[in-house]
Amino acid sequence: MPNRWPASPDPLTDATSSIRGAVSLGVGWRVSAHNGRTLVAQPDAQRVVAIAPPFGNQTLADVAQGLVLSSLDVSFGTTVVQTDEWVVVGAPEAGLSAGTVSIYRDLPQTGVVPQEDALRLTGATPGDRTGTSIELCADTDGDGLSELLISAPTLTANSPLQGGVWWVPSSSLTNLADGSVPIAAVGLLLTGVSGGDRLGSSILCTLDVDDDGVNDVVVGAPLGASGDGYIQWISGQTLRDGTATASGIVLGSSSNGWFGGQLRSLRTVDDVWLAVGAAGANNGAGQVLLYNPTPLFTTGRRRPNTTLSSLDSDTRHFGRHLTTGDLDADGLDELIVGASDSTVGDDLTAGRLLVWNGQDWPTALIDGADHVVEGRHAFERVGRWTSLADTDNNGTVELYMSLRAAELQ
Ligand SMILES: [Ca+2]
Ligand SMILES: [Ca+2]
Ligand SMILES: [Ca+2]
């Protein structure tokens, strides 16, 4: 809980709980929780493992619950999301990096589940990296199930690396048996404007941009617009109608700023705002830009309402990782910004994670973060990966960081 955190928590000793892995399980773990089921994804081990509380300071073997999703797909577990009905797992490097997305339905409580027991959507072309990010979006086709928004940030369609995003309505999957299906058979593709845009480097479906009652899709293309980067929105109504009309664009204002590399919505006292990461801005120091939603998008360069940067001069790529969520149950989102490439003291890329409390919005935001978590040894890369997940199922998310243990240096 941010209010109770020290200003500079130690990433390990101040943690409420820590789960230790092994060298073979890699570093980039993700945590997902839904209705009391907690999953830890380990892409280096190509698996997803269910764990059960209580979580103290334990090894993974202590908390593993017996359900393991296992796959031959390289990088399986890079992303994991779940609903009452589904567990959805991305493997963007599978199949010469065409990428796959595996959808598990009717999961057992325990046992090793092979990839044959999933509906597996396969990327269109080697190099697309389909499944790099997956978002669950509000039901628009009326079957009560979430729609899927799936990124393929290095997709090549008409031009190399223009990037793309697949919109996959749940109703398009209903009658399919388990097995492999090309994603193009079930999804609607939105692509970048030009080659090299990398559209889909970030994706979001939690904002209703045009206030018509249907959430819209917002996507980032950090290398588009001749290197300035852009973000673009697509009306949820047009996605429902199957036409997917791209609407307004906001351009970045700094060359090589990586504007739109990250996107999150931020619940504040007066509205839902948009947070945009621009990790390359200010010659690589990085920025996070905050926009109020009315009007969110105009064509061209719109000024942000607030621009955040780190006050530490050795912070690098502030905003390379960005997430938002309510850690203290006051209904307001905390803003959580990673700067894992930062040197701390003499420790190269020890990394930094900065947290702003939601209740301080907006006046105190520019005065510096409320909490700064810093790495304690070189190459620890604090802030590179975080997950927000309600693992104790009390309605409030916890913050999980995946860290390289000191003895693995
Ligand atoms: Ca649906
Ligand atoms: Ca809308
Ligand atoms: Ca809060």
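In what order do the five strands of the open sheet with mixed pairing lie? The points below take up this sheet and other parts of the chain.

1. Basis of the note. This is a predicted model, in which local features need pLDDT of at least 70 and side-chain atom pairs count only at pLDDT 80 or more, while totals for chains, interfaces and linings use all residues. Residues are numbered from 1 along each chain as its sequence is written, and chains are lettered from A and ligands numbered from 1 in the order in which they are written.

2. The order is 7-8-9-11-15, in an open sheet with mixed pairing. Strand 7 (79-82) and strand 15 (179-182) are the edge strands, each pairing on one side only. Strands here are DSSP runs of E with at least two residues, and helices are runs of H or I with at least four residues, numbered from the N terminus; two strands pair if DSSP finds at least two bridges between them. Neighbouring strands of this sheet are turned by 20° against each other on average, direction ignored. Such angles are taken between axes, which are lines fitted to C-alpha atoms (for helices over the stretch in contact), and run from 0 to 180 degrees between N-to-C directions. Within the sheet, strand 9 (residues 100-105) and strand 11 (residues 118-122) are antiparallel and share five bridges; Tyr104 stands opposite Ala118 in strand 11.

3. Strand 22 (residues 272-278) is joined to strand 23 by five bridges, and strand 23 (residues 287-291) is joined to strand 24 by three. Val288 has bridge partners in the pairings on both sides of strand 23: Gly277 and Leu308 in strand 24. Leu290 is paired with Thr306 of strand 24. Strand 23 is mostly covered, with four of its five residues buried; a residue is buried if 20 or more other C-beta atoms lie within 10 Å of its own, exposed if 12 or fewer, and partly exposed in between, with C-beta atoms placed from the backbone.

4. Strand 27 and its partners. Strand 27 (residues 352-356) is mostly covered, as four of its five residues are buried. Strand 26 (residues 334-339) pairs with strand 27 in the antiparallel sense over five bridges, and Val337 has Leu354 as its bridge partner in strand 27. Strand 27 also runs antiparallel to strand 28 (residues 371-374), to which four bridges join it; here Val355 stands opposite His371.

5. The nonpolar core. Which residues have the most contacts inside the largest nonpolar core? They are Val88, Val89, Leu149, Val217, Val218, Val219 and Val276, in a core of 98 residues. A nonpolar core is a set of buried Ala, Val, Leu, Ile, Met, Phe, Trp, Tyr and Cys residues joined through C-beta atoms within 7 Å. In soluble globular proteins, nonpolar side chains tend to be buried together. Leaving aside neighbours within four places in sequence, Val276 is in contact with Ile231, Phe259, Gly260, Leu263, Val288, Leu289 and Tyr291, where contact requires C-beta atoms, placed from the backbone, to lie within 7 Å.

6. Met401. Beyond its neighbours within four places in sequence, Met401 is in contact with Pro11, Leu353, Val382, Trp385 and Thr386.

7. Positive phi values. Two residues other than glycine deserve a check of the backbone. Asp211, with phi near 60°, is found in the loop between strand 17 (202-207) and strand 18 (216-221). Asp211 counts as exposed because it has 12 C-beta neighbours inside 10 Å. Asn282, with phi near 55°, lies in helix 4 (residues 281-284) and is partly exposed, with 15 other C-beta atoms within 10 Å.

8. The chain as a whole. The protein chain has four helices and 30 strands. Of the 409 residues, 50% count as buried.

Methods
Contact = placed C-beta atoms within 7 Å.
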